Amino acid sequence: MTVESTAARKTTRRSSGAKRTASAGVKKGQGAEPELVQLLTPEGERVQHPEYDIDLSADELRGLYRDMVLTRRFDAEATSLQRQGELGLWASLLGQEAAQIGSGRALRDDDYVFPTYREHGVAWCRGVDPTNLLGMFRGVNHGGWDPNTNNFHLYTIVIGSQTLHATGYAMGVAKDGADSAVIAYFGDGASSQGDVAESFTFSAVYNAPVVFFCQNNQWAISEPTERQTRVPLYQRAQGYGFPGVRVDGNDVLACLAVTRSALERARRGEGPTLVEAFTYRMGAHTTSDDPTKYRADEEREAWEAKDPILRLKAYLEKAGHADAAFFEELEAESESLGKRVREAVRAMPDPDHMAIFENVYADGHALVDEERVQFAAYQASFADSGAEEGK
């Protein structure tokens with residue numbers, strides 16, 4: 001196949017992808033997509049909203065910017081480490097920083113978080129050390145942190161199951177009479193799972209104090225949202241009897257305001273809320289994915305103009321809330337974080353091979369004991385083989 005024909009095929013594929021994406025915002029017979037709750041435009045202009053608004057100090061605004069910058073730097077370092085063979089896999093959050101930092105900073109210390117495997121920004125807000133997120137992806141542990149220390153559950157790889165865990169936990173919170181809330185994160189792809197539908201049913205019937213935070217990043221791996229639903233995702237909540245709202249997922253201020261409102265509603269005993277953060281996955285689904293095979297370059301370029309970090313930076317500069325010294329210091333802190341993460345990953349010790357048999361059952365199990373003995377003999381056979389070769 002010639003270079004010209006290959007290029008032609010790529011052009012045709014990207015063109016068709018662009019057409020599909022362009023039509024994704026308008027469904028047949030439904031008209032245009034609903035408006036987003038937005039407090040900060042892509043150009044960095046502050047706007048008001050009649051139902052959701054927020055008043056933050058200059059320090060708080062700089063704090064949100066710092067959170068997003070450092071989260072992106074950590075994410076970039078993790079991606080590089082995977083490419084260098086230091087991690088087995090990585091799920092990047094590139095482009096979704098505002099959704100995660102905004103919602104994460106809306107939480108109280110006593111609220112409980114059930115994440116997927118991409119909530120690195122929320123983990124940052126909950127005080128989980130970034131290096132602890134990497135052990136599972138390096139294959140040296142099953143999580144790396146105690147969920148009850150930060151009220152941040154371990155990452156969930158099974159798609160959508162954490163929404164049921166969150167619902168059950170929230171039902172328990174309500175029975176205990178506590179005024180804390182629970183938040184469950186999931187993506188647009190997970191919204192097609194039965195677990196999510198079941199969690200909506202139970203949370204509504206039992207009036208559970210839970211917020212369902214869906215990061216609609218437009219693509220469930222290679223499947224666009226338009227092939228998963230005939231209506232905007234947030235409208236699904238109506239069928240279960242609780243409110244839903246769509247927020248600009250690239251606007252950290254709007255994400256903070258909307259999530260804070262939903263959490264307060266849950267704490268007042270008014271039940272669940274579905275928040276759809278309309279955002280975009282700028283990179284691959286994971287490092288095993290190649291998004292150029294299924295989406296157009298023009299689509300990414302359009303979303304790059306809505307970059308959550310750039311828009312807040314523009315606002316900080318226009319409002320005089322941050323000077324050159326602030327950005328320079330943050331850049332130095334960012335590089336320091338990247339170095340710390342890189343060194344920590346490479347220094348992680350290999351786990352004890354026999355540890356996989358621990359904590360499977362609380363009181364032990366005969367079959368696990370049998371498997372432990374078999375595996376120990378298998379491991380020992382390598383040492384015996386080496387001794388034979390040395391004779």
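Me: Which residues form one aromatic cluster in this structure?
Reply: In this predicted model, one aromatic cluster is made up of Phe74, Trp90, Phe137, Trp145, Phe152 and Tyr155.

Me: How many aromatic pairs does the structure hold, and how is such a pair described?
Reply: Two quantities describe a pair of aromatic rings: the distance of the centres and the angle of the planes. The structure holds 26 aromatic pairs. One of them joins phenylalanine 152 and tyrosine 155, with 6.3 Å centre to centre and 65° between the planes. This pair is edge-to-face, because planes over 60 degrees apart are counted in that way.

Me: Are phenylalanine 152 and tyrosine 155 buried or exposed?
Reply: Phenylalanine 152 and tyrosine 155 are both buried.

Me: What are the distance and the angle for the pair of phenylalanine 326 and phenylalanine 327?
Reply: The centres of phenylalanine 326 and phenylalanine 327 are 5.3 Å apart, and their planes make an angle of 70°, an edge-to-face pair. Both phenylalanine 326 and phenylalanine 327 are buried.

Me: Why does threonine 156 count as buried, and where is its place?
Reply: Buried means under 20% relative accessible area. Threonine 156 has a relative accessibility of 9%, and therefore counts as buried. Its place is in the loop between helix 6 (147–150) and helix 7 (161–176). Leaving aside residues up to four places away in sequence, threonine 156 touches Pro115, Thr116, Tyr117, Ser161 and Gln162.

Me: What is the phi of asparagine 151, and where is this residue placed?
Reply: Asparagine 151 has a positive phi of about 55°, although it is not a glycine. The loop between helix 6 and helix 7 holds asparagine 151. With 17% relative accessibility, asparagine 151 counts as buried.

Me: Is asparagine 359 buried or exposed, and what is its phi?
Reply: Exposed means over 50% relative accessible area. Asparagine 359 has 77%, so it is exposed. Its phi is near 65°, a positive value in a residue other than glycine. Asparagine 359 lies in the loop between helix 13 (324–346) and helix 14 (366–389).

Terms used
Residues numbered from 1 in each chain as written. Predicted model: local features only at pLDDT ≥ 70, side-chain atom pairs only at ≥ 80, totals over all residues. Heavy atoms only, no water. Helix = DSSP H or I, 4+ residues; strand = E, 2+ residues; numbered from the N terminus. Buried < 20%, exposed > 50% of the residue type's maximum accessible area, 1.4 Å probe, protein only. Contact = heavy atoms within 4.5 Å. Phe/Tyr/Trp six-rings, centres within 6.5 Å; stacked < 30°, edge-to-face > 60°.
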